[in-house]
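Work through these exercises with the sequence and the model side by side. Try each task before you read its solution.

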Amino acid sequence: MEAFTRQAPKWTEKATHALSFCCPKCGASSHEATKVWLNRFAPVMTEDYQKKWQEFYHCQCEQVWWAWSCDRKELFNDRKAPLDQD
Ligand SMILES: [Zn+2]
């Protein structure tokens, strides 16, 4: 699991900024990404004094994209949420 390493993985270099927190190429959500890396070591202060950081996703369609953490609607671990049972 490389999501929380300090060093940016090589694949993040070609990331495209996605404004709607999904793959700009195929529209897949961040949950469907094959690789994830969160730039938690370089947070930025937002206008309302919240911290945000870049989240990088490597989509299953090979597109690499990133978005600000504050633009993410769901929690990172919401797949384990009680309401998510099948
Ligand atoms: Zn995609």
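**Exercise 1: the sheet**

In β6, T16 has W65 as its bridge partner. This is a predicted model, in which local features need pLDDT of at least 70 and side-chain atom pairs count only at pLDDT 80 or more, while totals for chains, interfaces and linings use all residues. Residues are numbered from 1 along each chain as its sequence is written.

Task: find which strands pair, and give the order of the strands in the open sheet.

Solution. 
- Step 1. Know the terms. Strands (E, at least two residues) and helices (H or I, at least four) are DSSP runs, numbered from the N terminus. Two strands pair if DSSP finds at least two bridges between them.
- Step 2. List the elements. The protein chain has six strands and zero helices.
- Step 3. Start with β1, residues 16–17. Two bridges join β1 to β6 in the parallel sense.
- Step 4. Turn to β5. Five bridges join β5 and β6, in the antiparallel sense. For example, E55 has A67 as its bridge partner in β6.
- Step 5. The open sheet has four strands, β1-β6-β5-β2, with mixed pairing.
- Step 6. Check the edges. β1 and β2 (35–38) each have a single partner strand, so one side of each is left without a neighbour in the sheet.

**Exercise 2: the turn and a loop**

Task: which residue in the turn of the β5–β6 hairpin has a positive phi?

Solution. 
- Step 1. Most residues other than glycine have a negative phi.
- Step 2. Look at the hairpin. Five residues lie between β5 and β6, and E62 in the turn has a positive phi of about 85 degrees.
- Step 3. Ask how open the site is. A residue is buried if 20 or more other C-beta atoms (placed from the backbone) lie within 10 Å of its own, exposed if 12 or fewer, and partly exposed in between. E62 has 11 C-beta neighbours inside 10 Å, so E62 counts as exposed.
- Step 4. Compare F21, in the loop between β1 and β2. F21 is not a glycine, yet has a positive phi of about 50 degrees. F21 counts as partly exposed because 19 C-beta neighbours lie inside 10 Å.

**Exercise 3: the core**

Task: which residues make up the largest nonpolar core?

Solution. 
- Step 1. Define the core. A nonpolar core is a set of buried Ala, Val, Leu, Ile, Met, Phe, Trp, Tyr and Cys residues joined through C-beta atoms within 7 Å.
- Step 2. Name the ten members: A18, C23, A33, W37, F56, Y57, C59, V64, W65 and A67.
- Step 3. β6 gives the most, with three.
- Step 4. Take Y57, in strand β5. Y57 is buried because 26 other C-beta atoms lie within 10 Å.
- Step 5. List contacts (C-beta atoms, placed from the backbone, within 7 Å). Beyond four places in sequence, Y57 touches S30, A33, V36, W65 and W66. With the same exclusion, C59 is in contact with C23, K25, C26, A28, A33 and W65.

**Exercise 4: confidence**

Task: where does pLDDT stay under 50?

Solution. 
- Step 1. Define pLDDT: the predictor's confidence in each residue, from 0 to 100.
- Step 2. Take the whole chain. The average is 85, and 83% of the residues score at least 70.
- Step 3. Find the stretch. Residues 80–86 stay under 50, and the model has two contacts for them beyond four places in sequence.
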